[in-house]
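Here are my notes on this one, as numbered points. Have a look at the model first, then read on.

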Amino acid sequence: MSDDSPELVGLAEITAAAQLLAPVAVRTPLISFPRLEPALLIKPESLQPTGSFKLRGAYNAIMASERAARQHGVVAHSSGNHGHAVAYAAALLGVRAVVVVPSTAPRVKTEAIEYYGAEIVTVAPTLEARLAATAELAARHGYVLIPPFDDRRVIAGQGTVGLEIMTDCPQADLVIVPVSGGGLISGIAAAVRACAPGAAVVGVEPELAADARESLRRGERVAWPAAQVQRTIADALRVEQVGALPFAHIRQLVTAIVTVTEQEMRVAVRRLAREVRLVAEPGGAAAVAAWLFHSGEMPAAARPVAVLSGGNIDPELLAAVLRTD
């Protein structure tokens with residue numbers, strides 16, 4: 001890395017986050033996907049109280065600025081799951097929360113945000129609109145900003161997923177992770193590579209929203225048009241550009257990024273429900289889809305682990321996916 005590259009999140013930060021999160025986040029198990037060879041282990045973050053991994057980073061970030069958050073409140077922008085996590089964490093701490101969401105956010109996610117008492121501000125479905133609204137609210141009211149991915153406190157919180165994987169399965173030699181803004185894969189890669197330098201971490205994106213893969217190939221962050229990434233069924237992965245700090249982690253610690261089709265994610269959702277008894281949203285199932293359909297594009301592995309990042313799927317969509325053979 002060059003001298004002007006940001007410092008990567010370290011294992012000490014992730015370990016500290018794990019201690020902070022112990023009474024709040026579920027220590028999700030590793031569950032075997034039956035009848036696959038080699039056996040695939042699933043890390044089901046869908047079992048978190050908010051239905052996704054996002055609670056880890058949101059709570060860690062709020063607690064890092066706890067005094068200011070209690071005094072002024074917090075603001076976040078989110079496609080849904082981060083907002084849900086911020087609302088939940090803020091409710092636990094008695095902190096006011098405002099969440100900026102795109103007009104395309106699924107109702108199942110906005111209802112959860114409202115349930116925990118957060119105020120919702122709806123904007124156009126672009127990252128630019130979300131960032132502008134969040135910045136304006138923070139400037140006007142003094143809210144503490146809780147970013148969804150481009151923040152070392154958030155990355156450290158998400159890194160606890162990787163720390164748990166390596167603690168529970170030290171033999172893990174490949175960890176497959178969905179990629180949106182890059183916070184999750186950054187934290188996991190930091191933890192996994194610190195614990196097992198020879199292990200590989202591979203990211204997964206929808207082929208309709210593959211800005212991170214293109215960025216990794218070109219060696220610089222690339223933004224895709226908002227209208228283009230909105231096409232994917234994986235609403236949790238509709239980010240136009242990976243974050244700057246996450247990209248620094250990806251360039252140094254991530255082996256590759258592969259893509260999956262819309263149909264492949266649907267199949268993964270269906271098979272997870274039928275064969276593993278786990279509910280996954282399309283983006284949450286992306287890593288499993290990658291292993292089912294694209295394992296040949298990844299490093300050979302004897303003990304692969306796929307992160308099921310979220311299960312906040314619209315009930316009607318889940319029913320439609322399950323009806324399809």
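1. A word on pairing before the strands: two strands pair if DSSP finds at least two bridges between them. Strands here are DSSP runs of E of at least two residues, helices are runs of H or I of at least four, and both are numbered from the N terminus. This is a predicted model, so local features need pLDDT of at least 70, side-chain atom pairs count only at pLDDT 80 or more, and totals for chains, interfaces and linings use all residues. Residues are numbered from 1 along each chain as its sequence is written, and side-chain values use heavy atoms, with hydrogens and water left out.

2. Strands β7 (residues 174–178) and β8 run parallel, joined by five bridges. L174 sits opposite A200 in β8. Helix α8 (residues 183–195) carries the chain from β7 to β8, a right-handed β-α-β crossover (with the strands pointing away from the viewer, the path from the first strand over the helix to the second runs clockwise).

3. Strand β9 (residues 256–260) also pairs with β8, parallel and over five bridges; E205 stands opposite T259 there.

4. Is β8 (residues 200–206) buried or exposed? Seven of its seven residues are buried (under 20% relative accessible area; exposed is over 50%, partly exposed in between; 1.4 Å probe, protein chains only). One side has A200, V202, V204 and P206, the other V201, G203 and E205.

5. Helix α4 (residues 81–93) has eleven of its 13 residues buried, among them H82, H84 and Y88. G94 follows, with a positive phi near 70°.
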